[in-house]
Each structure stands twice: as C-alpha cells, then as structure tokens.
Amino acid sequence: EIVLYGRQSTSGTYVFFRDFAVKADYSPKMRNMEGSQAIVDAVSSDKFGVGYVGVGYAVNETGQARKDIKIIPVSQTAQATAYSPLDTQAVKAGNYPIFRRIYQYLPSLPEKNSLAYKFLEFEMSEVGQKLIEKTGFYTLGEDDIKANQNLFK
C-alpha cells in the first residue's frame with residue numbers, strides 16, 4: 001500500500017498542493033510532517049512512500065537531483081508531455097504545471113536603508129539570486145525583477 005507524506009495544515013505548501021494539485025481534501029491516511037525535509041527523509045526510507053516538497057528539497061548540496069528519492073515528471077493532462085520540476089527551461093516557460101511564487105508580506109514598504117530594505121535589496125541582487133539558485137530554487141523572472149525595482153523607486 002502506498003504511504004502518503006505531506007505537510008502539516010499550517011503550511012502554505014499544504015494549502016497550495018491541496019487546492020492546485022489534489023483539488024480535494026487530502027486522504028486522512030496522509031502522514032502530516034513538520035517540514036519538507038521531514039517528507040524527503042520519510043520518503044527516502046519508505047519504499048512505498050510518496051510525498052511532495054518544494055524543488056529546493058529535491059536536489060542535493062551541489063544542485064543535482066537527489067539519488068535517494070525519485071522525482072516524478074508531471075503533465076497538465078494525461079496526453080501532454082510530462083516535465084520534471086528540475087527542468088529549468090520547462091519551469092520558466094510555464095510547461096511544468098505545479099508552480100507557485102513565494103511572496104513576502106510586509107505591513108508597509110520598509111524605510112530606505114533600514115535592515116529590512118537592505119535584506120530585500122540583497123535578495124533581488126545578483127549575489128542574492130545566485131544564492132537562491134544554489135539552494136535549488138528558481139530565481140526571479142524579468143517581470144518580477146521589474147515589478148520589485150518599481151516598488152523600490
């Protein structure tokens with residue numbers, strides 16, 4: 001029997017995957033884990049385990065696909081081409097169907113040169129984007145960069 005692993009109900013990933021991919025309530029048999037790393041650890045040690053995590057958890061420290069789990073390609077429909085979440089071109093072109101942007105919410109735009117402002121600037125910088133990419137996540141697209149730059153003018 002397949003063993004399902006997923007996030008706890010307070011996770012944004014839990015809500016997104018339920019609403020976008022499952023489109024129904026999760027099975028009551030799903031084991032709710034405290035974090036994505038816990039899901040990867042459980043699936044890697046359970047030959048019947050299946051779970052979902054953010055793309056950064058599907059790669060190792062060098063950015064390569066982990067060898068201890070199998071990453072399953074996904075398609076929009078049964079007839080469509082399936083794509084891996086690790087296929088950067090497919091993800092950026094919108095061909096990989098399970099995708100969400102991660103937002104940061106602040107009560108207001110931080111004061112110029114405050115720590116929060118400097119942190120956001122760092123995230124958007126070339127160094128910050130390379131760090132995001134190095135951890136296995138996707139960098140900002142051109143539209144996102146322009147929108148953020150407009151906010152900071």
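# Notebook: a first look around the chain

I started with the elements and counted six helices and three strands in the chain. My note on terms: helices (H or I, at least four residues) and strands (E, at least two) are DSSP runs, numbered from the N terminus. Read from the N terminus on, the order is β-α-β-α-β-α-α-α-α.

Before going on, I wrote down that this is a predicted model, where local features need pLDDT of at least 70 and side-chain atom pairs count only at pLDDT 80 or more, while totals for chains, interfaces and linings use all residues. Residues are numbered from 1 along each chain as its sequence is written, and side-chain values use heavy atoms, with hydrogens and water left out.

**Overall extent and burial**

I looked up the span of the C-alpha trace, and along its principal axes it is about 55 × 30 × 30 Å. How much of the chain counts as buried? For the 153 residues, the figure is 26%. Here buried means under 20% relative accessible area, exposed means over 50%, and partly exposed is in between (1.4 Å probe, protein chains only).

**Salt bridges**

Next I checked charged pairs and found four salt bridges in the structure. The rule is a side-chain nitrogen of Lys or Arg within 4 Å of a carboxyl oxygen of Asp or Glu.

One of them joins Lys29 to Glu1, with the closest N and O atoms 3.4 Å apart. This pair links distant parts of the chain, 28 residues apart: Lys29 is in the loop between helix 1 (12–22) and strand 2 (31–33), and Glu1 is in the segment before strand 1 (3–7). Are these two buried or exposed? Lys29 is exposed because its relative accessible area is 60%, and Glu1 counts as exposed at 70%.

I then went to Arg18 and Asp19, whose side chains meet in a salt bridge at 2.8 Å, N to O. Arg18 has a relative accessible area of 22%, so I logged Arg18 as partly exposed. Asp19 is partly exposed too, with 45%.

Another bridge runs from Arg66 to Asp68, and its closest N and O atoms are 2.7 Å apart. Arg66 is buried, because its relative accessible area is 17%. Asp68 has 36%, which means partly exposed.

I stayed with Asp68 for a moment. Asp68 sits in the loop between strand 3 (49–51) and helix 3 (88–92). How far apart are the C-alpha atoms of Asp68 and Asp41? They are separated by 9.0 Å, although the two residues are 27 apart along the chain.

**A nonpolar patch**

Which residues make the nonpolar surface patch? I found Phe119, Phe122, Val127 and Leu131, together giving about 390 Å². Patches use residues with over 30% relative accessible area and no salt bridge; like charges are joined within 9 Å, and nonpolar side chains (Val, Leu, Ile, Met, Phe, Trp, Tyr) within 5 Å. The areas come from the Shrake-Rupley method with a 1.4 Å probe, and for residues only the protein chains shown count as cover.

Helix 4 (115–124) and helix 5 (126–134) each supply at least two residues of this patch. I picked out Phe122, which is in helix 4. Phe122 counts as partly exposed because its relative accessibility is 36%.

Between these two helices I looked at the loop holding Ser125. Ser125 is partly exposed, with a relative accessible area of 25%. I also noted that Ser125 and Ile145 are 20 residues apart in sequence and 9.6 Å apart in space, C-alpha to C-alpha.

**Two positive phi values**

Lys23 has a phi near 55°, a positive value in a residue other than glycine. I placed Lys23 in the loop between helix 1 and strand 2. Lys23 counts as exposed because its relative accessibility is 65%.

Asn113 is not a glycine either, and its phi is positive at about 70°. I found Asn113 in the loop between helix 3 and helix 4.
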